[in-house]
Amino acid sequence: MKRKKIPSLPLIIAGILLILNQLLNIPSITKTDHSDYIIYTIIKGISILGMNLIPLYLGFNYIYFKKTIHKVSKYIIIYFSVALLTNIVNFFLCENNTLKYFWTTLFPISQNSYPYGLSIILIFISMPIIINFLQKISNHQLKQILLISTYLFVIAPTLFGKDIWSIQAGGMILFNTYLVLLGYSINRLKFINTNLILTKSFISISVYSLSTFLMFLISKNTHNDLSTINRFNVSNSFFAVYASIYLFILLNKKLKLSSDFTSNFLIISTLITMLPSNINQINNIFSENSNDNIWLLCFRIFLTLIIISLILTTIFTWLEHTALFTSINQKLQFNSIDDFFINVSKFKQILLKNKRLLIVMASFYVITLIQMGLVALAANHGTIFELFLNYQAAIFLSTFILTAFFLLMYLLTNRFWYVYGFIFIIELLLTISTFLKIQLRHEPVLPTDMSALKSANDILNMIDPIIIILGIIIMVIFVIFTFTLQLKYQKKYQIKLNFKKRIISIVLLTTSLFGLLFINHAQSVPSKVFDLFNIQKKFFNQENGARINGPFLQFINNLDVSVMKKPSGYSKKNIHKIMNKYDVRAASINKTRKEWQKNQTFIFVLSESFSDPSRVPNLKLDNTPISNILNAKKLNSSGLMLSSGYGGGTANMEWQSLTGLDLSALSPTLPTPYSQLVDNINYSPNITNLFDEKIAIHPYNASLYNRKDVFKDFGFQHFYHQGSTDKLKYTDKIPASPYISDESAYKETERLISSNNSKSQFIQLSTMQNHLPFDKKSYSKTINISGSAIGNNKDAIDNYIQRIQYTDTATKSFLDYLDSLDRPITLVWYGDHLPGIYSGDSMSKYAVSLHQTDYFIFNNKSAKNNIRFNKLISPYSFSSLALKQANIKVTPYYAMLTDITESLPASMNDPYTTVKNTYNGAQVFINDKNKIIKYSQLSKNQKQLLKDYKLIQYDIVSGKQYSAKWAMQKSY
C-alpha cells in the first residue's frame with residue numbers, strides 16, 4: 001500500500017528548534033555572563049518559533065488531519081511507549097530520577113509537567129472536532145473570531161507585557177488552539193501574500209530579533225539590569241507570531257515525507273524534548289561535565305537528541321506495521337466520535353450506578369478549587385486559572401481524601417445527607433477561616449489553631465460582625481436544608497451492602513485515612529503518595545503551602561508533627577533534680593565571672609548565606625573576598641558552626657542560637673520550630689530573658705517562618721522589618737543583590753544601640769543581602785574561581801563572591817563603630833548556611849564540609865578580656881559562648897549550656913540526610929576533625945550530660961514545662 005506523503009519540513013525544523021530551545025533553558029547556559037549574551041538571547045528567541053510552527057502546521061494542513069480520529073489509539077501507544085522507555089532508561093542511568101517521573105507519564109494532565117507537549121498532543125487528536133467546527137462557520141464569522149482571538153492572545157499581552165492567560169505558566173493549550181485557528185484561516189482566507197516569501201521571512205525574523213535587541217538596550221539603560229530583555233521573547237508576542245507565520249509559509253512548500261513518519265516524529269521529538277526525566281538527565285550531564293566547553297557540550301547533546309528522535313521515529317514507524325502493534329491498536333481503536341461514545345457507553349451502567357458518588361467527588365473538587373483560588377486572592381499571588389492549570393494533582397488528592405472520609409462516615413452512619421452536610425460545613429469553615437487568617441496573619445488554618453477555640457470569644461471579637469452574622473445564617477440555612485433532604489430521601493440514599501463487605505470497606509478506608517498521620521515520616525507509604533502528587537512540605541512558608549497544596553492538604557501536612565521523643569526518666573522529680581544540679585554548677589562558674597554591667601549589650605548577627613568559599617571542597621579562588629572577616633576571626637574567639645541546612649533553613653539556626661536548644665534532638669516531623677512549635681508552648685525561654693531591652697531587625701518582610709509571632713513570644717519589644725510599624729530607616733541595596741544591603745542593616749543596628757546606660761540590651765539582626773537568587777549580572781568581577789565544585793553555577797558563585805565582598809567591607813566598618821562606643825558590647829557574628837550553588841560537589845562525599853559556616857565572637861574595647869578559643873560548635877552554643885566571652889555571670893540554664901558546649905562534641909542533624917531542609921535527620925556528633933561520633937563512643941560523663949540536656953529540652957518543648965521559668969530567670 002502506497003503511503004500518503006505530506007509537507008514535512010515545518011515539523012522537522014520545529015522539532016529541531018524545540019530541542020534547541022530546551023537546551024538553551026538549561027541553567028548552565030541561561031545564567032552565562034558572556035559578552036555575547038544578547039546573541040544567545042536572540043538565538044533562544046528564534047528557537048521559540050519552533051513552538052509556534054507545529055500548531056500553525058496543524059491548522060494550515062488541516063486536510064491531512066480532519067480524519068485522524070482513528071489514529072488516536074496509535075498515538076496513545078506511541079506516547080506511553082516512548083515516555084515509559086525514556087523514563088526506564090533515565091531511571092537506571094541517572095541517580096536523581098525517581099518513580100515520580102513514571103507517575104507524571106501516566107497522569108500528565110493532573111501533573112501539568114510538560115504543558116506544551118501535552119497541549120500539542122491533545123490538539124492533534126482533537127483535530128477532527130476542531131476542523132468540523134471551523135468548516136461549519138462562514139468566512140465572516142471566521143474573520144471575527146480570528147480578530148478577537150488575535151487581540152486577546154497576541155496584541156493585548158504584547159502591549160501590556162502581561163501573561164494574561166497564564167500561557168507561560170501552563171496555559172499553552174489556549175494559545176496553541178489559537179495558532180491552529182490562525183493556520184487554518186491563512187489557508188482558507190488566503191490573506192498572506194506569498195510573493196517574495198524568502199525576503200519576507202528574513203525581514204520578519206530580523207524584526208523579531210531587533211525587538212529583543214532593543215529590549216536589551218532599554219533594560220540595561222533604564223533598569224541597569226537585564227530583567228526585561230525577554231519582554232518579546234515569548235511565543236505569543238506579536239513579533240514572534242509575525243515571524244512564525246512567514247517562516248512557516250516558507251517551509252511548508254518544501255520536502256514531502258510519509259505522513260506516518262512525520263506525525264510520529266512530531267510526537268516523539270516533542271516528548272523527547274519535554275519529558276521531565278530527560279530534562280533532569282540533561283541537567284545532570286551538564287553538572288558532570290561542567291569543565292567542558294559549555295557550547296560544544298550543548299551542540300553534542302543537541303545532535304544526540306535529534307538522532308535519538310529520528311531513530312525512535314524510524315523504529316515506531318516500522319513497529320506500527322507489526323502484528324503485535326496492530327493487535328493492540330485494533331483493541332483500542334475507534335473510527336469516529338460516535339464510535340468512541342459507543343465504547344464509552346459500556347461503562348455507562350457503572351457510571352450511573354455510582355452517579356451520586358461522582359457528584360459528591362465533583363463537588364469536593366470544586367470546593368477545593370475555590371479554596372485555592374481564595375487563598376491566591378487573599379495572598380495576592382497567582383490566579384485561579386493558573387491554579388487550575390498547575391496544581392491539578394493537589395486538587396485531585398484533596399478530592400480523593402475528602403471522598404474517602406465521606407465514604408467512611410457514610411458506611412458508619414448510613415446517612416448520606418447528614419454526612420455530606422457535615423463535611424460541607426467543615427470545608428466551608430476551613431475556607432472562610434483560611435481566607436480571613438491569611439489576610440490577617442499570612443498563615444492558613446493549622447491543627448494547632450484548634451487550641452485557640454478555647455478563646456473563641458477573643459477570636460470572634462477580631463472579625464467583622466457582619467461576616468459572623470452572614471456565616472451563621474448560611475450555616476443555619478444549610479443545616480435545615482440538609483435535614484430536609486435526609487428526611488425526604490432517606491430510603492433512596494442508603495447503602496445496600498452486606499455486613500462483611502461493609503466491615504472490609506470500613507477497615508480499608510480507616511487504614512488509608514489513618515496513614516495521614518504519617519505523611520511526614522520520610523520513608524512511609526503515605527509520604528511517598530504525597531510525593532507522587534507533588535505535595536510540597538512548605539512548613540517554612542505556610543501561606544505559600546496553602547496556595548499550592550490547598551488549605552485542606554496544608555492542614556493535613558501539619559497533622560503529623562510530634563515535637564520530640566520522650567527521654568527515659570522524664571518526671572517532675574528528675575527535672576527538679578537537674579535544676580538543683582545546675583543551680584550549684586552556676587554558683588561554681590560564677591566564682592570566676594564578673595558581675596553584669598548595667599548597660600551590658602549583646603548583639604547577635606546572623607549573616608545570610610555567609611561562609612568562606614575558600615573552604616568549599618574543589619573550589620579555588622585566586623584571592624580571598626573576606627580578608628576583614630578572616631582577620632576578625634584571627635583576632636577574636638572564632639571557629640566553624642555546624643549548620644543544619646544547605647541553601648536554606650535560616651530560621652532554624654536563629655531558633656537554636658536564641659533558645660540554646662538543639663534542633664537535632666527534635667522529631668523528624670518538626671523541621672521548622674518557628675512555624676510548628678513556638679506558638680504552641682506557654683513559655684519560650686531564650687537569651688532575651690536576660691536583658692531589659694530586646695530588639696529584632698530583619699531587613700525584609702516578616703512573612704516567612706512566622707517571625708512576627710515568634711519574636712513576640714520571645715519577648716522582643718520591637719521588630720524592625722519591611723512593612724512594620726517599627727520603620728526601617730536604611731534601605732539601600734548593593735548592585736549585585738535585590739535585597740537591603742548589609743551596610744544598611746548595620747547602620748540600622750548602630751542607630752538602635754541604646755544610649756541608656758542604666759538598661760541592658762539585646763539586638764538580634766538577621767541580614768538579607770546574600771540571599772538567593774544569585775543571578776544579577778551588573779557587577780564587576782574581581783576574583784577568579786576554578787574547580788569542579790562550580791558545576792553549572794559559575795555565574796551564581798561569581799555573584800555570591802561579589803556580594804560577600806560587600807559584606808566583608810561593611811562588617812569591618814561595623815566592628816570599628818562598635819569599638820568606638822563606651823557601652824560594653826559582645827557581638828556574636830555567624831553565617832547561617834552555605835548558599836546552595838556548589839552543584840559540582842557531591843553531598844554524599846562532602847556533606848559535613850558543606851554544612852559548616854564561619855563565626856566569631858567579638859568584644860569591643862569597653863568589654864575587652866583575654867579570652868580566646870577556636871572551636872567547632874552548633875548554634876545552640878552561641879549564648880553560653882557569648883556569656884563566656886563577656887566573662888559575666890550565668891544563670892543555671894546557661895551553666896548547663898556552658899557544660900554542654902565545653903564537654904560534648906557539637907551535634908547536628910545527619911548532614912547526609914537533611915539536604916532539602918524538609919526533615920530532621922538522625923542526631924550525630926562531629927568532632928574537631930570533622931569525624932562523625934556515635935552516641936556509643938561518648939564517655940559516661942558525656943552521656944549523663946546529654947541526658948540532662950535532653951530532659952530539660954523535652955520538658956520545655958513538649959513536656960510539662962517544669963523548668964521553663966527556671967530557664968527564663970534573669971538573676972545570676
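Strand β3 (residues 601-607) is mostly covered, with 7 of its 7 residues buried; buried means under 20% relative accessible area with a 1.4 Å probe, counting protein chains only. This is a predicted model, in which local features need pLDDT of at least 70 and side-chain atom pairs count only at pLDDT 80 or more, while totals for chains, interfaces and linings use all residues. Residues are numbered from 1 along each chain as its sequence is written, and side-chain values use heavy atoms, leaving out hydrogens and water.

**Around β3**

- In a regular strand, side chains alternate between the two faces of the sheet.
- From β3, T601, I603, V605 and S607 point one way, F602, F604 and L606 point the other way, and all are buried.
- Strand β8 (residues 761-766) pairs with β3 in the parallel sense over 6 bridges; pairing requires that DSSP finds at least two bridges between the strands.
- Within β8, Q761 is the bridge partner of T601.
- Strand β10 (residues 825-831) also pairs with β3 in the parallel sense, over 7 bridges, and its V828 stands opposite F604.

**The whole chain**

- The protein chain has 40 helices and 15 strands, taken as DSSP runs (H or I, at least four residues, for helices; E, at least two, for strands) and numbered from the N terminus.
- Of the 972 residues in the protein chain, 55% are buried.
- Among contacts (heavy atoms within 4.5 Å) between residues at least 6 apart in sequence, 78% join residues at least 24 apart.

Definitions and conventions: Buried means under 20% relative accessible area, exposed over 50%, partly exposed in between (1.4 Å probe, protein chains only).
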